[in-house]
Amino acid sequence: MNSKEMADKAALKELIDRVSMLADKKEVHAQVQLFAENATSETFAGGTLILGLKGRKAMETAFVDFLKNFNTVYHFNGQQQVTINGDNATGISYCMITLIGMENGKKMKTTIGAVYQDEYVYENNRWLIAKRTGNFEWQEKQEVVQ
């Protein structure tokens, strides 16, 4: 592996981590800037499409609307594997998502095991997500008892 490929892989890892960290802080406007202008995002749960979005504006609206339901948002990124082909790349990454919010008067924690399949594009001297397909493989919900 040459130094450019190593630098690109590090940049793609940082991109994925930054997307997650901005979601955790609910800095959605900054988060969607890490997607290409006309990027697509699809989310599946149990093999069923639950959300399909195209473009930064649609993503920002949907992400803000979703995150407003939670007091705490926490992504823990794990394994990532990428394949780089010039100014394009593909990758798969694993993430554990924790969401805490009120539901029917109870503080609830939802934990989701997600696998993301991404397509990346190198534009204006930086990597961006061109397409993200999220598969929520499993989900667990429990009341938070203090």
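Does T110 count as buried or exposed, and at what relative accessibility? T110 counts as buried, because its relative accessibility is 8%. Buried here means under 20% relative accessible area, exposed means over 50%, and partly exposed lies in between (1.4 Å probe, protein chains only).

The model is predicted, so local features need pLDDT of at least 70, side-chain atom pairs count only at pLDDT 80 or more, and totals for chains, interfaces and linings use all residues. Residues are numbered from 1 along each chain as its sequence is written, and side-chain values use heavy atoms, with hydrogens and water left out.

T110 sits in strand β5, which covers residues 106-123. Helices (H or I, at least four residues) and strands (E, at least two) are DSSP runs, numbered from the N terminus. Neighbours within four places in sequence were set aside for T110. Beyond them, T110 is in contact with I97, T98, L99, Q139, E140 and K141. Contact means heavy atoms within 4.5 Å. K141 is also the bridge partner of T110 in β6.

The sheet comes next. Strands of a sheet pair through backbone hydrogen bonds, either parallel or antiparallel. Two strands are taken to pair if DSSP finds at least two bridges between them. Six strands form an open sheet in the order β2-β1-β6-β5-β4-β3, and the pairing is mixed. The edge strands are β2 (48-54) and β3 (72-85), each of which pairs on one side only. From one strand to the next, the twist averages 15°. Axes are lines fitted to C-alpha atoms, for helices over the stretch in contact, and angles run from 0 to 180 degrees between N-to-C directions.

Strand β4 (residues 88-103) runs antiparallel to β5, and 16 bridges join the two. One of the pairs is A89 with its bridge partner Y120 in β5. The two strands form a hairpin with two residues between them. In that turn, N104 has a positive phi of about 55°. Strand β6 (residues 126-143) is likewise antiparallel to β5, with 16 bridges. Twelve bridges join β3 and β4 in the antiparallel sense. Q81 stands opposite I92 in β4.

Helix α1 spans residues 3-24 and has 22 residues. From its first C-alpha to its last, α1 reaches 31 Å, close to the 32 Å expected at 1.5 Å a residue. The expected span is 1.5 Å times one less than the number of residues. N2 caps the N-terminal end of α1. A side-chain oxygen of N2 lies 3.1 Å from the backbone nitrogen of K4. Just after α1, K26 takes a positive phi of about 60°. Buried residues of α1 are D8, L12, L15, I16, V19, S20, L22 and A23. The helix lies across β1 (35-45), β3, β4, β5 and β6, running at about 160° to β3. Helix α3 (residues 56-67) lies across β1, β2, β3, β4 and β6. The angle of α3 to β1 is about 45°.

Charged pairs were examined last. Side chains of opposite charge can pair when their charged atoms come close. A salt bridge is a side-chain nitrogen of Lys or Arg within 4 Å of a carboxyl oxygen of Asp or Glu. By this rule the count is eight salt bridges. One of them joins E14 and R18, with the closest N and O atoms 3.7 Å apart. These two residues are separated by about one helical turn, because they are four residues apart in helix α1. E14 is partly exposed at 49% relative accessibility, and R18 is partly exposed at 42%.

Another salt bridge joins K141 and E103, with the closest N and O atoms 3.0 Å apart. This pair links distant parts of the chain: K141 is in strand β6 and E103 in strand β4, 38 residues apart. K141 is partly exposed, with a relative accessible area of 40%, and E103 is partly exposed at 34%. R132 forms a salt bridge with D118, the closest N and O atoms being 2.8 Å apart. R132 lies in β6 and D118 in β5, so the pair ties together parts 14 residues apart in sequence. Both R132 and D118 are buried.

Terms used: A polar contact is a pair of N or O atoms within 3.5 Å; within protein, one must be able to donate a hydrogen and the other to accept it, and residues adjacent in sequence count only if both atoms are side-chain atoms.
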